[in-house]
Amino acid sequence: MNSATASAKPALINLLDFDRKGLQAFFVGLGEKPFRATQLLKWIYQEGVTDFDQMTNLSKSLRGYLIENCRIAPPEIVAEQLASDGTCKWAVQMHCGNRVETVYIPEERRATLCVSSQVGCALACSFCSTAQQGFNRNLSVGEIIGQLYLAQQRLGAERRITNVVMMGMGEPLLNFDNVVTAMNLMMDDFGYGLSKRRVTISTSGVVPAMNRLNEVCDVSMAVSLHAPSDELRNELVPINVKYPLKELMEACREYAKTGPRKHITFEYVMLDGINDSIQDANALVKLLKNVPSKVNLIPFNPFPQSRYRCSSAANILKFRDVLHNAGIVTTIRRTRGEDIDAACGQLVGQVKDKSRRHLKLQSVGALHGV
Ligand code: SAH
C-alpha cells in the first residue's frame with residue numbers, strides 16, 4: 001500500500017468524544033439499539049475497560065466493527081508532581097504535542113479534580129500565568145473527560161474523585177460545546193455519576209455563554225470577579241470591556257434562580273494595594289446586593305514576572321470581615337500545591353502559542369524599555 005492510500009483511511013473515531021446522547025445517535029446510525037450507549041459508558045467509565053474485545057455484552061459483530069473503526073484514546077500523563085500537602089499535578093500530553101495541567105486536590109471528605117478546558121487561554125487576565133502562555137486551541141471532549149479518566153485510573157478504586165472544578169487552564173465557556181458534553185459525562189449515572197452540585201464551571205464572565213449554559217446544563221457556577229468596579233475590572237479581567245458588570249450581574253442573577261446551588265460563587269483574588277481596600281470591600285457588598293452570592297477570596301499566587309503581590313493576611317481578614325458583616329458567606333481559599341506551582345493561576349502546561357501574545361508582550365516591553 002502506498003502512503004497516499006494509507007493516509008486516505010479515515011481516522012478512527014474516539015468514543016471519548018461522545019456523551020450518552022451522542023453515543024445513542026452513533027449506535028442508532030449503525031443499526032444498533034440505543035441502549036448500547038449505556039453499556040459502552042459503563043465499560044469505559046465504571047469498569048475502566050478500553051479493549052473492545054473485553055466488552056462481552058456487545059455482539060461479536062459490533063465488537064468487530066468497533067475494533068476496525070473506533071478507539072478509546074485518552075491523552076497521556078507525561079509527568080507527575082506531588083506537593084507536600086498531597087496535591088498532585090499531572091502534565092497531560094495531547095496527541096498534537098501540546099500539554100495542559102490537571103490538578104488533584106485531596107481533602108478529608110472530598111477529592112477534587114481541577115480540569116483544563118483549553119490549551120492556554122485567549123483571555124489576558126493580568127494576574128494569571130496561564131494567560132502569559134498565549135492560546136493554542138480548544139480541548140476536545142475526549143481530552144477534557146480524559147483528564148478525569150486518567151486521574152481516576154491513576155488513583156485506583158479506593159480513591160474516587162468526588163468533585164470537579166473547571167478551573168484549570170482556559171476559559172471553559174469559550175469551548176462551550178465540548179465542555180458541556182464532557183460535563184454531561186461527569187454527571188451521567190453511567191459515566192462518573194457526580195452530582196450537579198459537585199461539578200463547577202468557572203468563568204471570567206462570558207455573559208452570552210452563561211445565559212446559554214443556563215438553558216442546556218445544570219452545574220454550579222463560579223465567576224472570577226476580582227474587582228468591584230468596571231474601571232478596575234477592565235484592567236484585571238479585560239473581557240469586562242465587552243461584558244461589563246451590569247450585564248454580568250444580571251446573568252448571575254438569572255443563573256442563580258435555576259442553578260443547583262441557588263447562588264453564585266464569586267472568586268476574588270487578593271492583590272496588595274490593587275483591589276483589597278476597605279472601600280473595595282464595601283463596593284463589593286453593594287455590587288452583590290441583589291445576587292445570591294458566596295465569595296471565595298483567593299490569596300494571589302505569584303509566578304515569574306508577575307507584577308502583583310499578595311495582600312497581607314491582616315488585610316485579607318479585614319476584607320473578609322466587611323463581607324461577613326454584610327451577611328455574605330465568605331471563605332478564604334486555602335492555597336494548595338504551591339510548592340509545585342499547582343495553585344490557582346499557576347498552571348502553564350506547554351502551549352504552542354498561536355495568538356502570538358508573547359511577541360506582543362515583548363514588543364510592549366521594548367516600548368517601555370523593560
Ligand atoms: N478562565 C476561567 C477558569 C480559570 S479558573 C476563569 O477565569 O474563571 C482559575 C481561577 O484562578 C480564576 O478565578 C482565576 O482568576 C484565578 N487565578 C488566576 N491567576 C491567579 C493567581 N496568580 N493567583 C490566584 N488566583 C488566580
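Colleague: Is Glu107 buried, partly exposed or exposed?

Modeller: First, the ground rules. This is a predicted model, where local features need pLDDT of at least 70, side-chain atom pairs count only at pLDDT 80 or more, and totals for chains, interfaces and linings use all residues. Residues are numbered from 1 along each chain as its sequence is written, and side-chain values use heavy atoms, with hydrogens and water left out. Buried means under 20% relative accessible area, exposed over 50%, and partly exposed in between (1.4 Å probe, protein chains only). Glu107 has 27%, so it is partly exposed.

Colleague: Which residue does Glu107 meet in a salt bridge?

Modeller: We call it a salt bridge when a side-chain nitrogen of Lys or Arg is within 4 Å of a carboxyl oxygen of Asp or Glu. Glu107 pairs with Arg110, at 3.1 Å from N to O. Arg110 is partly exposed too, at 39%. By that rule the count is 14 salt bridges.

Colleague: And what about Glu267 and Arg333: buried or exposed?

Modeller: Glu267 is buried at 5%, and Arg333 is buried at 19%. Their side chains form a salt bridge of 3.5 Å, N to O. The pair ties together parts 66 residues apart in sequence, because Glu267 lies in strand β12 and Arg333 in the loop between β14 and α13. Strands (E, at least two residues) and helices (H or I, at least four) are DSSP runs, numbered from the N terminus.
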